[in-house]
Each structure stands twice: as C-alpha cells, then as structure tokens.
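Hello,

Here is the structure I promised to pass on. Have a look at it first, and then read my notes below.

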Amino acid sequence: MMAPAVDGCDSEVVITSEVDIEALTATYQQVHAADLHLPDHCVPSPAERLRWTAEAPGFQAGVAYVDGRPVGTVMGCPLPPDTLWWRDLNLIGDPELTVEWTGRTFAICEAFVLPQFRRQRLGIRMVTELLGRRPEERVSMAVAETNVRVWRALQRMSFHHVGNLVPFPGWRSHRMLVRSLPLHTSR
C-alpha cells in the first residue's frame, strides 16, 4: 500500500509470505550496527533467525520500502500447540496464558526499521497492516528490556507485559508482550 512520502521519498508497506533474506539481513545489520557484538544480534546470526522465521508454517511479514528499497520489517508466524515460545517465561499472572492451540497466537519474531526512517510511523504501519489481516486470537512478541522506545509504542497499541524471559542463552532479558486481535487502533 503506497502511503505518504517519508522525507520526500515514496514509502510502501507490503504484506507478503516471501521475503528477501539477504536484503533484510543487510537492513538488520544497519539497524543494529552498534550492537552486533552482543549475543542478541549474533547467536544465532540475523540471517539464521530471519530464515527460520520465513520458513515457519504460516509465515507472513510486513516489509517497508522507501524508494523501492527495504527499510524495515515486522515478521512472524502462528504458534503451534507444541511451541517453545513460552519456555523459561517468568510469568506475571494466569498460567493459562502459555497454553497454545491452533489459531490462538501469532508471534512477531522480528521487527526493525532503519534509524533514519524511525519516527515516520513505518513501524506502526507495518504492525497494523500485518496484524489487521491475521485470523489469530492474539499476538505476542518479545522486546529487549532496554528498548524503551519500542516498549512505549507497543503500550500505546494496547500490548500488555505478561512476563520476562531470555529468548536464547546469553541474550539480554526481554519483556514478553501480548494483546488481543483483531487489532483496532485509534491512530
């Protein structure tokens, strides 16, 4: 969907089930250039993580383009009943939250936007356009506790903090967030 220009450039968000892993890996590396030494950004590698997500059953992504080049993505997949998504979660509240069944949860596994295109609402557009098409009951994603900017934006979109976890050994702690679908925002 074409949208208003971003810094005088044409922007577009495309919802797709096929992505260019190489191009998105390059974008990811630009987004996280200062942090690529952290385990969160190198073990497993960004290319491996993007590939795993893109190969998952039911995969779908929102990819933002500015002047035809990818500048960010929000990508995920439905969780299967036997998922490990919730393992090691320090849950706040009802333990039934971690019970999965087919059609219950869409997991956002990756989300990033090039720094020069932040504050242009591309991230919000990717999330709303992707989730606006999802049939699941809810959406979940993990956000590094230090990523306050994203955490605040997701709070405004009615995501709720349900616990903390370390997604992979050596990673920083992440907040696990959940909100119900369909996605209706006032923005």
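**What turned up**

Gly103 touches Glu136 and Glu137, leaving aside residues up to four places away in sequence. Please keep in mind as you read that this is a predicted model. Gly103 sits in the loop between strand E5 (90-91) and strand E6 (105-113), and at 32% relative accessibility it counts as partly exposed. For a sense of distance, Gly103 and Cys42 are 61 residues apart in sequence, and their C-alpha atoms are 31 Å apart in space.

**The chain as a whole**

The protein chain has four helices and nine strands. Starting at the N terminus, their order is β-β-α-α-β-β-β-β-α-β-α-β-β. The radius of gyration is 16 Å, close to the 16 Å that the globule rule gives for 187 residues, so the chain is as compact as a globular protein of that length. The C-alpha trace spans about 50 × 35 × 30 Å along its principal axes.

Of the 187 residues, 45% count as buried. If you take the contacts between residues at least 6 apart in sequence, 69% of them join residues at least 24 apart. The accessible surface comes to about 9,500 Å², and carbon and sulfur atoms account for 52% of that. As for charge, there are 19 positive and 21 negative side chains, and the centres of the two sets lie 8 Å apart.

**Cysteines**

How many disulfides does a search of the whole structure find? The search finds zero. Cys77 is in no disulfide, and the nearest cysteine sulfur, that of Cys109, is 4.2 Å away. Cys77 is buried, with a relative accessible area of 10%, whereas Cys109 is partly exposed at 27%.

Beyond residues up to four places away in sequence, Thr53 touches Phe59, Met75, Gly76, Cys109 and Glu110.

**Helix H3 and the end of the chain**

Helix H3 (residues 122-131) has seven of its 10 residues buried, so it is largely enclosed by the rest of the structure. The buried ones are Leu122, Arg125, Met126, Val127, Glu129, Leu130 and Leu131.

Which residues does Leu183 touch, not counting those up to four places away in sequence? They are Val127, Thr128, Leu131 and Met157. Leu183 is in the segment after strand E9 (174-180), and it is buried, with a relative accessible area of 12%. The C-alpha atoms of Leu183 and Thr128 are separated by 6.9 Å, although the two residues are 55 apart along the chain.

In strand E9 itself you will find Arg179, which is buried with a relative accessible area of 7%. Its C-alpha atom is separated by 4.7 Å from that of Phe159, a residue 20 places away along the chain.

**Backbone details to look at**

Most residues other than glycine have a negative phi, and most peptide bonds are trans.

- A cis peptide bond joins Val43 and Pro44, with omega about -5°. Pro44 lies in the loop between helix H1 (21-31) and H2.
- A cis peptide bond also joins Leu181 and Pro182, with omega about 5°. Pro182 is in the segment after E9.
- Asp67 is not a glycine, yet its phi is positive, near 50°. Asp67 is in the loop between strand E3 (60-66) and strand E4 (69-78), and counts as exposed at 53% relative accessibility.
- Ser158, likewise a residue other than glycine, has a positive phi near 70°. Ser158 lies in the loop between helix H4 (148-156) and strand E8 (160-165), and counts as partly exposed at 39% relative accessibility.

Key: Residues numbered from 1 in each chain as written. Predicted model: local features only at pLDDT ≥ 70, side-chain atom pairs only at ≥ 80, totals over all residues. Heavy atoms only, no water. Disulfide = S-S within 2.5 Å. Buried < 20%, exposed > 50% of the residue type's maximum accessible area, 1.4 Å probe, protein only. Helix = DSSP H or I, 4+ residues; strand = E, 2+ residues; numbered from the N terminus. Rg over C-alpha atoms; globule rule 2.2 N^0.38 Å. Contact = heavy atoms within 4.5 Å. Areas by Shrake-Rupley, 256 points an atom, 1.4 Å probe, with all protein chains shown as cover. Lys, Arg positive; Asp, Glu negative; His and termini not counted. Charge placed at Lys NZ, Arg CZ, Asp CG, Glu CD.
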